[in-house]
Amino acid sequence: MTFGQFHTPRESSSRPLTSMADINVTPMVDVMLVLLVIFIIAAPFMTHAVKLDLPQAQAEAAPEQADTVRISFDADGILYWNNQVLAMTELESKLAAQAKKNKQAEIQLRADKATRYEIIAKVMAAAQSQGLAKISFVTDSKQAKKP
C-alpha cells in the first residue's frame, strides 16, 4: 500500500502532496492460488467412500407359487385373505390351517400406504408364531403418476 509521493528536496512541485489509496492485490492473489492448489491436492484424500464394482442385474417379478397366501390391508385397516374379507379374530385359525397344510408357504403382504404399521406387525407376529417364516412385502414397481 502506498501512502504518498516521493519528492526530493530539490524538486519544487506545484502539485500538493496527496495520499494514494490503492491496494496492492498481488499478495492476496498469490495466497489464494496457493490455497486453491492445496485444496485441489488434498480433496481426493478427504473422501471415505469405498469403491466397489457391483454386479448389474435386471430383476423380474418372482413367479407366484401355488402355496402363496396374499394378505392385503386397505387404508381403513380391513384385512383380506386372498381377496376375501377376513376378521382379525379369524386370522390365527387361517394361519394355523395354512401351516398344517404347508410350513413352506409364502405369505405376501400387500398394504396401502396409509395402513398403520401396528396391524401389519400383528399379522407378521401371528404368521411367525404358527411357523410361517416366508413373509414378503409386495410393492408397486410402477412409478406413481403425478397429477
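**Note on the predicted model**

1. Ser72 is buried, at a relative accessible area of 14%. Buried means under 20% relative accessible area, exposed over 50%, and partly exposed in between (1.4 Å probe, protein chains only). Ser72 lies in strand β1. Setting aside residues up to four places away in sequence, Ser72 touches Ile78, Leu79, Tyr80 and Arg110. Contact here means heavy atoms within 4.5 Å.

2. On the basis of the note: this is a predicted model, where local features need pLDDT of at least 70, side-chain atom pairs count only at pLDDT 80 or more, and totals for chains, interfaces and linings use all residues. Residues are numbered from 1 along each chain as its sequence is written, and side-chain values use heavy atoms, with hydrogens and water left out.

3. Confidence. The chain averages a pLDDT of 78, and 69% of the residues score at least 70. Over residues 143–147 the pLDDT is below 50, and this stretch has zero contacts in the model beyond near neighbours in sequence. pLDDT is the predictor's confidence in each residue, from 0 to 100.

4. The sheet. Five strands form an open sheet with mixed pairing, in the order β3-β2-β1-β4-β5. β3 (84–86) and β5 (134–137) are the edge strands, each pairing on one side only. Strands pair if DSSP finds at least two bridges between them. Helices (H or I, at least four residues) and strands (E, at least two) are DSSP runs, numbered from the N terminus.

5. Pairings. β2 and β3 are antiparallel over three bridges. Trp81 stands opposite Gln84 in β3. β1 and β4 run parallel over six bridges, and Val69 has Ile107 in β4 as its bridge partner. β4 and β5 are also parallel, over four bridges. Here Ile107 stands opposite Ile135 in β5.

6. The core. Which residues touch the most other members of the largest nonpolar core? They are Ile71, Leu91 and Leu95, in a core of 17 residues. β1 (68–73), β2 (79–81), α2 (91–101), β4 (106–111) and α3 (117–129) each supply at least two residues. α3 gives the most, with four. A nonpolar core is a set of buried Ala, Val, Leu, Ile, Met, Phe, Trp, Tyr and Cys residues joined through side-chain atoms within 4.5 Å.

7. Leu91. Leaving aside neighbours within four places in sequence, Leu91 is in contact with Ile71, Leu79, Trp81, Leu86, Val123 and Ala126.
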